[in-house]
Amino acid sequence: MTGKLFDVPRRALAGLCALLALAGVIMLTAMADSTMQPLPASAPDGEFSAERALRHLERFATEPRPIGSRAGEKARDYLTGQLRAAGLDVRVQRAIGANTSAGLASFGQVHNIVATAKGSDPTGTVVIAAHYDSAAMGPGASDDAAAVAAMLETVRALKGTALRNDLVLLMSDGEEDGVLGAEAFVREHPLGRTGGVLLNWEARGVSGPSLMFQTSRNNAGLVETFADAVPHPRGDSTLGELYRLLPNNTDFTPMAGSGFTGMNFAYIEGSSRYHTADDSLAHLDRGSLQHHGSSMLALTRALGGADLGKLAADHDLTYFRIFGTMVTYPNALVWPLAGLAAAAVAGLAVLARRRRLLSLPRLAVAAVSGVVPLLLAAALAQGLWEVLVAWRPAYDGMGGLLHRPQAFQAAVVVLAALALLCWYLPLRRRLGPAALAVGALAWPAALGLLCAQVAPGMSYVLTLPALFCALGATAAILLRGAAPQVPAPQMAAPQMAARHAAVFQAAAVTLGAVVAAALLPALARTAFDGMGLALGGMPALVLAVFGLMMLPIVELCLPERRQSLLPLAAAGLAVLLVPIGLARDGFDPANPLRTHLAYVMDAGTRTASWVSADAEPPAWTRRYISGHDTAPLPPGYARGTSLWTGRAPAAPGAAEPRVTVLGRDGDTVRLRVTAGRAARSVTLRVERPIAAATATATGMIPVSVDVTGVRANTWPGEIRFRGLPATGAEISLRVPGADRFRLTAVAETDGLQRVPGFVPRPKGVVAATREDGDLVAVTRTYEIGAR
């Protein structure tokens, strides 16, 4: 029994019509997920205007504002002035923020701007949060100045509105160095310890719709408010599940961990400019700013006037958009829907078996083998990335977030189709199209059950397509059985009825696939935007699942002869798309190349070197480096195994670090650390693992953190203090079991212009995102003696 689920006359035409219909669904979904049109400055006073917000950006977001920088101080003065002029009570919280990762303790002096407005009859506090610092490599017009400017425009639009609840605007500092400002806010500030409803705003690109991509637990009331209040809501519960896979966090992380409930928003398209000099006003999508601000204003009004106590819930909602409509349902329905989808697939299998379209052994083989195209698609996509990096090593420094990746993304789509064909065609004759189509649906149904357990918010994207595809195929089989069977002499009218039945069969399968076409390609597109080609296996996997659901339509489109040429054609197209993509995605002034360069000098010997971590340095970088000799670098400075280095002149007047041992108690050493007035930060690298660290400075509360693990490819222990006060800081570190150890202190000053002979980057070349790039690093190594 190797039959088809259904067959129709003029198969190719029916298949083409089905493909065109589903392509239309995919395009309409993409159009419905677009951003907003920006409103001009002449918009009504009560509305959010991107043009009015842009005027603020022009005042404070034209240069990098890393923690502790003069530009950050200027931005802080402007923002506090605007908030006070709007009638808010404004305070600046000065504190030490802290964070840890493997082998690393990060500290920083932060200056959080906290502006408050009392509510008329408060039931709680609404906190709007964004960070005003930027990465050191660029002005951060999107990350995160756009959200800060949106806060100012939101305050203006609310003028004259009496909110019921207290309103807090938190413009945090030090987010880029480990969410330091938010950590200090929840640990030390009274408002940070009382909790409330948090709306946090971010960006991981320079364009695209403002997505609500994360919520706190028990989000039912919040999600319903979001769906009802925001005029153009975007985002779905899948994003929150995928976000957990990424090594990222935002200010939302420490605040949610401290008891705040809330939602996190960001736009993520144009991510090749993230954390670079091109995160600028010139590249900021005004529609993204408008969408950010319109959502912020609507939610502030809705939450500002709500009884916040009634938002409390004991469950989460699944939420997503389909055909321009936001759908929400409680997670209590996740398991029933997943079970229903599995039951629908099982029912389809039973019906197909009864109609003798398949046998159970063939169905079992088809279902088990369905994992092959999934794994093969992911492997081919990851292999494509390895090929691209080998051909163009500069891609590695971009983390898969390319300027013009469309041809490569198309190649991933084709590779997913290739994986599907390489599995389907060899098994088609042995197992039969019906067994393969039904067995393929077992995978989204099974994965939907798995997600129901481990990632409930993501289950719908598998269970609903599997359910509707199974129902569509079931309807097609039933319609096939309803077609009249009559002798040839009596064919005329019954033949017409049979043709109508065939049309209804094709329509049933196509309609069943509509939900899959509306959800899965959109998820793949979001994965491309958020994860890039370096993790291209994820969108490829999603596309392969989509392909499994399309097998009945694939069967319609297969030619009668020479089917074996299809995989060859797909492979050839994928190969052809690679040089097309390389030619289209070349670097130029509008789409610059990234390169890493740092300057390091030993203050004791006055020996200096240029350092680059580029895999293949471009011509501008090669003027400074000559080989891989890391011997001249100070002890503990090198991080990585393939650094490029070159001799450099001594930089006169560069800030130098000083470390004084204040005392030692067992494994704990107390140090006084200074770095000179020009230096913004200091890093201490320790040749032994550290277990704990404490930092304090004049007028600030000491902060202690535990440290586990070790740093990779460098000395195992590291302590950073960003925004170091001119008077320095006192740092204690615990180094278990070390009587003596070396410590290298690194004073870090932004910019390479002070180095003799330095020539700025030409157009078309920008600084890479590695944290030590474009720094003058002056080091001293100390021997810490026995206790």
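Helix axes are taken here as lines fitted to C-alpha atoms over the stretch in contact, with angles running from 0 to 180 degrees between N-to-C directions, and helices (H or I, at least four residues) and strands (E, at least two) are DSSP runs numbered from the N terminus. The structure is a predicted model, in which local features need pLDDT of at least 70 and side-chain atom pairs count only at pLDDT 80 or more, whereas totals for chains, interfaces and linings use all residues. Residues are numbered from 1 along each chain as its sequence is written, and side-chain values use heavy atoms, with hydrogens and water left out.

The axes of helix α12 (residues 360-369) and helix α14 (residues 406-431) come within 11 Å and cross at roughly 170°. This makes α12 roughly antiparallel to α14, given that angles under 35 degrees count as roughly parallel, over 145 as roughly antiparallel, 65 to 115 as roughly perpendicular and the rest as oblique. Arg362, Val365, Ala366 and Ser369 of α12 meet Trp423, Leu427, Arg430 and Leu431 of α14, where contact denotes heavy atoms within 4.5 Å. By class, this contact of α12 with α14 comprises 5 nonpolar, 1 polar and 2 charged residues (Ala, Val, Leu, Ile, Met, Phe, Trp, Tyr, Cys and Pro count as nonpolar, Asp, Glu, Lys and Arg as charged, and the others, Gly among them, as polar).

Helix α12 also packs with helix α13 (residues 371-391), at an angle of about 15° and with the axes 5 Å apart; the two helices are therefore roughly parallel to each other. In this case Ala367, Val368 and Ser369 of α12 are in contact with Val371, Val372 and Pro373 of α13, a set that divides into 5 nonpolar, 1 polar and no charged residues.

Grid points are joined across faces, edges and corners, and a volume is the space filled by probe spheres set on the points.

The second largest pocket holds about 810 Å³ and is lined by 28 residues, of which Val413, Ala417, Phe546, Gly547 and Met550 lie nearest its centre. Two or more lining residues are given by each of α1 (11-32), α14, α17 (492-531), α18 (537-549), α19 (551-557) and α20 (565-584), and α14 gives the most, with 6 residues. The lining of this pocket has 26 nonpolar, 1 polar and 1 charged residues.

There are 5 cavities of 30 Å³ or more, and the largest cavity has a volume of about 90 Å³. Its lining residues include Leu5, Ala437, Cys469, Val509, Met549 and Ile553. Helices α15 (433-454), α16, α17 and α19 each supply at least two residues of that lining, with the largest share, 3 residues, coming from α16. In this lining 10 residues are nonpolar, 1 is polar and none is charged.

The model contains 16 aromatic pairs, for which rings of Phe, Tyr and Trp (its six-membered ring) pair if their centres lie within 6.5 Å, with planes under 30 degrees apart counted as stacked, over 60 as edge-to-face and the rest as tilted. The rings of Phe320 and Tyr460 have their centres 4.2 Å apart and their planes at 5°, so this pair is stacked. Phe320 in strand β8 (residues 317-322) and Tyr460 in helix α16 (residues 460-482) are 140 residues apart, and the pair thus links distant parts of the chain.

Two features of the backbone complete the description. A cis peptide bond with omega of about 10° joins Asp143 and Asp144, and Asp144 is found in helix α4 (residues 141-157). His275, although not a glycine, has a positive phi of about 60°, and this residue is found in the loop between β7 (261-267) and α10 (286-304).

Notes. On a 1 Å grid over the protein atoms alone, a cavity is a set of points where a 1.4 Å probe fits but cannot get out, and a pocket is an open set with protein on both sides within 12 Å along at least five of seven lines; lining residues have an atom within 4 Å of a point.
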